[in-house]
Amino acid sequence: MALNVPDEGENYALEAFVNKTPATNPIAKLYKNNITPSDTDTAATFTEATFPGYASITLTGASWGAASGGVITYGSQQTWTCSGSATDDIYGYYIVSTTSNKCLWAERDASAPFLVRNSGDAVKLTPSIGAN
Amino acid sequence: MLGLGRLFGKAAEIADVPRQQLLEIVQHHNPYAVDLRKWCVYKGVVGICAAIQGNMAEFHRTNAIGETVEILLVPYAELRLATYMEIPESRRNISAVRAAIRGYI
């Protein structure tokens, strides 16, 4: 599924690009409403997952690999593991900025939804974004 | 900037292009082209163009609150950009002016 950078994410990137607003560590979150990301979205469009054991994950700047070929990828796969019974249907993930809570980008999983029901159910993600 | 017509002392000539044809031309060429993550209309229903594969597009039909209710593979040429008011209210999030810049006119 195509990755989506909404309008507010584009503005955030532009301001970071020229150092008007210094970049901060992005935060990865899972969403559980049946949304296909669009260019008009904001962070408020998405309903964050709430299953037991879930917490958003801060992606630290130093952990990203070097950008190459217009793509930059996080150094390790991130895993959200459920620690109890749940009813979340996970449709994808979205990335927000630490301080301003702007949606930087979002992606719906091509095989969504992923049903999180039992302890041990896990959602895995290796964050990556391209500029081509 | 002066147009050629005005420069040579006569009214500029503009080809008479039907509105529908003009809209189709505009909406399939940048910056108003139907593209990934854009709100579109296919046969009267609103959704999002989620993928383009050759001449076909993956169209995610949405309901009144902007949730995806059906995924269809449709001819890309039959999609048109949605107007601002056709985008579900909860998913607009941008002003009508900014939406117009993005082609939602």
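**A walk through chains A and B**

B:N93 is buried, with 21 other C-beta atoms within 10 Å. Buried here stands for 20 or more other C-beta atoms within 10 Å of a residue's own; exposed stands for 12 or fewer, partly exposed for anything in between, and the C-beta atoms are placed from the backbone. This is a predicted model, in which local features need pLDDT of at least 70, side-chain atom pairs count only at pLDDT 80 or more, and totals for chains, interfaces and linings use all residues. Residues are numbered from 1 along each chain as its sequence is written, while chains are lettered from A and ligands numbered from 1 in the order in which they are written.

Stay with B:N93 for a moment. Its phi is positive, about 60°, although B:N93 is not a glycine. B:N93 sits in the loop between helix 3 and helix 4 (96–101) of chain B. Helices (H or I, at least four residues) and strands (E, at least two) are DSSP runs, numbered from the N terminus.

A:N19 is not a glycine, and its phi is positive, near 65°. A:N19 lies in the loop between helix 1 (7–17) and strand 1 (26–31) of chain A. A:N19 counts as exposed, because it has 8 C-beta neighbours inside 10 Å. Another backbone feature of chain A is a cis peptide bond from A:A112 to A:P113, with omega near 5°. A:P113 belongs to the loop between strand 7 (103–108) and strand 8 (114–116) of chain A.

Now take chain A as a whole. Chain A has one helix and ten strands. The C-alpha trace of chain A spans about 45 × 30 × 25 Å along its principal axes. Of the 132 residues, 37% count as buried.

Next, the contacts. Two residues are in contact if their C-beta atoms, placed from the backbone, lie within 7 Å. Among chain A contacts between residues at least 6 apart in sequence, 76% join residues at least 24 apart. In chain B the corresponding share is 31%.

What lies inside? A nonpolar core is a set of buried Ala, Val, Leu, Ile, Met, Phe, Trp, Tyr and Cys residues joined through C-beta atoms within 7 Å. The largest has 26 residues, and A:L30, A:Y31, A:Y94 and A:L104 have the most contacts inside it. Strand 1, strand 6 (92–97) and strand 7 of chain A each supply at least two residues of this core. Leaving aside neighbours within four places in sequence, A:L30 contacts A:E48, A:A49, A:Y54, A:W80, A:I90, A:Y93 and A:V123. Another core, of 16 residues, lies apart from the largest one; B:V46, B:A50, B:A82 and B:I94 are among its members.

Turn to chain B. Chain B has four helices and five strands, arranged as α-α-β-β-β-β-β-α-α along the sequence. Of its 105 residues, 27% count as buried.

Finally, the two chains meet. 18 residues of chain B are in contact with 15 residues of chain A. Strand 2 (45–53) and helix 3 (89–92) of chain B each supply at least two residues of the side that touches chain A. Strand 2 gives the most, with three residues. That side of chain B divides into seven nonpolar, four polar and seven charged residues. Here Ala, Val, Leu, Ile, Met, Phe, Trp, Tyr, Cys and Pro count as nonpolar, Asp, Glu, Lys and Arg as charged, and the others, Gly among them, as polar.
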